Amino acid sequence: MSRFMSARHAALTPYTPGEQPRDMAYTKLNTNESPYPPSPAVAAAAEREAGRLNLYCDPTCAELCRKAAALYGVEPENILPVNGSDEILYFAFTAFGDETHPFAFPDISYGFYPVYADMCHVPAHIIPLRDDFSIDPGDYIGLNENIVIANPNAPTGMALSVSDIESIVRANPDRVVVIDEAYIDFGGVSCVPLIKTYDNLLVTQTFSKSRSLAGARLGFGIACQSLIRDLNTVKYSVNPYNVNRMTQAAGAAAIDDNAYYMENCRRIVDTRANTARALEALGFTVLPSCSNFLFAAHPAIGGGALYRALKARGVLVRHFDKPRIDGFVRITIGTPEQMDILLGEIRAILQEGGSQA
Ligand SMILES: *Cc1c(COP(=O)(O)O)cnc(C)c1O
């Protein structure tokens with residue numbers, strides 16, 4: 001650290017993104033990207049904008065808001081496009097949290113929540129998942145605190161029902177409930193329609209996973225107009241041009257091509273079912289997933305050892321060195337061919353006796 005670092009941030013432990021290695025061509029199943037490329041119309045739309053990069057983009061993202069509103073069944077005023085949904089989460093902690101207004105979230109969830117809490121000097125109220133890794137909605141009733149819940153949750157992949165979410169939103173009417181729907185297109189049911197009834201609900205979505213745009217950085221906040229206005233106050237105080245020209249065009253084209261992306265989701269859900277069955281046949285415990293990844297543990301090999309053995313064989317998965325889940329690895333669902341490679345390497349590792357890694 002330099003001697004110039006502000007005391008406010010000196011103790012910050014930043015988020016650790018999944019590895020994006022360049023040393024060799026891995027079978028990359030570690031950061032929940034789509035294995036399928038963007039549709040050709042998306043690439044063409046981004047390319048068309050490339051020649052206009054000398055001009056600032058539309059800070060209101062008007063065209064994208066119009067299309068996203070139609071996609072989500074809300075009004076354009078209910079949408080705030082952002083530079084990846086991480087950005088809307090940051091805006092939410094900044095807008096709605098402070099020293100006396102904590103955020104509550106599960107002990108096992110998206111690793112960015114505690115980082116944003118720290119960054120924004122917002123106390124974190126950490127609530128343990130049940131022993132089966134599910135969220136107990138009862139833990140969030142009448143908290144009178146801001147809440148952020150990933151639904152489906154990560155890295156478990158397990159989802160809550162809309163009625164459970166609604167009971168949490170209804171039972172905390174004076175604080176904001178953020179529902180992070182990064183993985184909603186892989187089997188959960190979205191609670192976006194509830195924003196018409198509840199003025200304290202913010203839903204976040206991303207085009208990084210189901211719409212093959214992780215590298216473009218595009219997410220959305222969806223909420224009643226007054227919450228969107230508050231979030232815009234933060235946005236216009238930080239970075240008005242947060243979604244660049246090429247990404248705005250790519251996002252609009254992706255919405256026009258929605259059928260292509262929904263078909264990819266259907267393939268991923270199929271591949272997920274086949275992979276879960278194959279892992280269970282090898283002796284793994286696999287949590288019930290509504291996402292584009294599986295969270296799995298094997299009695300004969302620890303999560304860290306399995307992660308390292310797979311990496312040595314050219315397959316990247318994610319391991320979290322954290323109590324309760326250090327026996328697990330999180331495996332992104334790739335193409336059927338990628339999953340065959342993964343399963344082949346796992347079989348070989350288990351045959352070798354597993355724990356040598
Ligand atoms: C991937 C992910 C995000 C954010 O992704 P962006 O690429 O920033 O849109 C948010 N929440 C969860 C739970 C995620 O897994």
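**View 1. Glu345 in helix 10.** Helices are DSSP runs of H or I with at least four residues, numbered from the N terminus. The model shown in every view is predicted. Glu345 sits in helix 10, which covers residues 336–351. Which residues does Glu345 contact, leaving aside neighbours within four places in sequence? They are Leu310, Arg313 and Val315. Leu310 is 35 residues away from Glu345 in sequence. In space, their C-alpha atoms are 6.8 Å apart.

**View 2. Helix 8 against helix 10.** Helix 8 spans residues 258–281. Its axis lies 11 Å from that of helix 10, and the two pack at an angle of about 10 degrees. Angles under 35 degrees count as roughly parallel, so helix 8 is roughly parallel to helix 10. Helix 8 contributes Thr271, Thr275, Ala278 and Leu279 to the contact. Helix 10 contributes Pro336, Met339, Leu343 and Ile346. By class, the contact of helix 8 with helix 10 holds six nonpolar residues, two polar and no charged.

**View 3. Helix 1 against helix 7.** Helix 1 covers residues 40–50, and helix 7 covers residues 245–256. Their axes come within 8 Å and cross at roughly 150 degrees. Parallel or antiparallel? Angles over 145 degrees count as roughly antiparallel, so helix 1 and helix 7 are roughly antiparallel to each other. The crossing of helix 1 past helix 7 is right-handed. On the helix 1 side, the contact is made by Ala41, Val42, Ala45, Ala46, Glu49 and Ala50. On the helix 7 side, Arg245, Met246, Ala249, Ala250, Ala253 and Ala254 take part. Ten residues of this contact between helix 1 and helix 7 are nonpolar, two are charged and none is polar.

**View 4. Helix 2 against helix 7.** Helix 2 runs over residues 62–72. Helix 2 and helix 7 pack at about 30 degrees, with axes 9 Å apart. The pair is therefore roughly parallel. Helix 2 passes helix 7 in a left-handed crossing. Leu64, Lys67, Ala68 and Leu71 represent helix 2 in the contact. They meet Gln248, Gly251, Ala252, Ile255 and Asp256 of helix 7. The contact of helix 2 with helix 7 has five nonpolar residues, two polar and two charged.

**View 5. Cys61 in the loop between helix 1 and helix 2.** This loop holds Cys61. Phi of Cys61 is near 50 degrees. That is a positive value in a residue other than glycine.

View 6. A polar backbone atom of Ser85 lies 2.7 Å from an oxygen atom of the ligand. In the side chain of Asp180, an N or O atom is 2.6 Å from a nitrogen atom of the ligand. Lys209 places a polar side-chain atom 3.0 Å from an oxygen atom of the ligand.

**View 7. Cis peptide bonds at Pro152 and Pro155.** The bond joining Asn151 and Pro152 is cis, with omega about -5 degrees. Pro152 lies in the loop between strand 5 (146–150) and helix 5 (162–170). Where is Pro155 found? Pro155 lies in the loop between strand 5 and helix 5. The peptide bond from Ala154 to Pro155 is cis, and its omega is near 5 degrees.

Conventions: Residues are numbered from 1 along each chain as its sequence is written. This is a predicted model: local features need pLDDT of at least 70, side-chain atom pairs count only at pLDDT 80 or more; totals for chains, interfaces and linings use all residues. Side-chain values use heavy atoms; hydrogens and water are left out. Axes are lines fitted to C-alpha atoms, for helices over the stretch in contact, and angles run from 0 to 180 degrees between N-to-C directions. Angles under 35 degrees count as roughly parallel, over 145 as roughly antiparallel, 65 to 115 as roughly perpendicular and the rest as oblique. A crossing is left-handed if the near helix is turned anticlockwise from the far one by less than a right angle, and right-handed if clockwise. Contact means heavy atoms within 4.5 Å. Ala, Val, Leu, Ile, Met, Phe, Trp, Tyr, Cys and Pro count as nonpolar, Asp, Glu, Lys and Arg as charged, and the others, Gly among them, as polar. A polar contact is a pair of N or O atoms within 3.5 Å; within protein, one must be able to donate a hydrogen and the other to accept it, and residues adjacent in sequence count only if both atoms are side-chain atoms.
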